[in-house]
Amino acid sequence: MASITHATTSDDARRLIAAHGQTIEAFVFGEGPETLIMAAGNGRPASQLTDLAKAIASAGIRAVVYNYRGIGVSDGPLDGLKLVDYGNDVWAIADALGAQKVHLAGKTYGNRVMRAASQTKPDRVATIVLVGAGGEVLPSPETIAL
């Protein structure tokens, strides 16, 4: 079960989510009946999508960006990490926010994370947006095996 803590910082959007023995640093903007969780490109911090999240939040949608494991204060095992593990991090965020059904968006590598998340819990996905998804280069054998 995931739990959420408001971090002690001047950034009111920052949340620390404890789940599966790890911490996920998330930033939540806006309120509303709909929740959108966005994943940045691999190795990129949540701040890559912060301006976009704020703009979406201004339209009445709760927008969430987060740091992958090893970025910011997000932590957790990295050895043997698979896309499905990153997908489970997405559902830990949704659970901590009390969001049963969410919109997912992923940029470049983040699109693969969101596809993995959508495959594990398709009943919880309202929509999925893939940005920079490519298609000319096949995914690695590990990704295909997912």
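Biologist: Is arginine 124 buried or exposed?
Modeller: This is a predicted model. In it, arginine 124 has a relative accessibility of 6%. That value is under the 20% limit, so arginine 124 counts as buried.

Biologist: Which residue forms a salt bridge with arginine 124?
Modeller: Aspartate 95 does, and the closest N and O atoms are 2.8 Å apart. Arginine 124 lies in the loop between helix H3 (109-120) and strand E7 (125-131), whereas aspartate 95 belongs to helix H2, so the pair ties together parts that are 29 residues apart in sequence.

Biologist: And aspartate 95, how does it count in terms of accessibility?
Modeller: Aspartate 95 counts as partly exposed, at 35% relative accessibility.

Biologist: How many salt bridges does the structure hold?
Modeller: The structure holds three. One of them joins the side chains of aspartate 89 and arginine 69, with an N to O distance of 3.0 Å. Aspartate 89 is in helix H2 (residues 83-96) and arginine 69 is in the loop between strand E5 (62-66) and H2, so this bridge connects parts 20 residues apart in sequence.

Biologist: Are those two partners buried or exposed?
Modeller: Aspartate 89 is buried, with a relative accessible area of 3%. Arginine 69 counts as buried as well, at 11% relative accessibility.

Biologist: What about glutamate 25, which residue does it pair with?
Modeller: Glutamate 25 forms a salt bridge with arginine 14, and the closest N and O atoms are 2.6 Å apart. Because glutamate 25 lies in strand E3 (residues 22-29) and arginine 14 in strand E2 (residues 14-19), the pair ties together parts that are eleven residues apart in sequence. Glutamate 25 is buried, with a relative accessible area of 6%, and arginine 14 counts as buried at 16% relative accessibility.

Biologist: Let us turn to H2 itself. How many of its residues are buried?
Modeller: Ten of the 14 residues of H2 are buried, so the helix is mostly covered. Among them are Leu83, Tyr86, Trp91 and Ile93. Asp89, the salt-bridge partner of arginine 69, is also one of the buried residues of H2.

Biologist: What span should H2 have, and how far apart are its end C-alpha atoms?
Modeller: At 1.5 Å a residue, the 14 residues of H2 should span 20 Å. The end C-alpha atoms of H2 are 20 Å apart, which agrees.

Biologist: Which residue takes a positive phi just after H2?
Modeller: Glycine 98 does, with a phi of about 70°.

Notes. Residues numbered from 1 in each chain as written. Predicted model: local features only at pLDDT ≥ 70, side-chain atom pairs only at ≥ 80, totals over all residues. Heavy atoms only, no water. Salt bridge = Lys/Arg side-chain N within 4 Å of Asp/Glu carboxyl O. Helix = DSSP H or I, 4+ residues; strand = E, 2+ residues; numbered from the N terminus. Buried < 20%, exposed > 50% of the residue type's maximum accessible area, 1.4 Å probe, protein only. Expected span 1.5 Å × (residues − 1).
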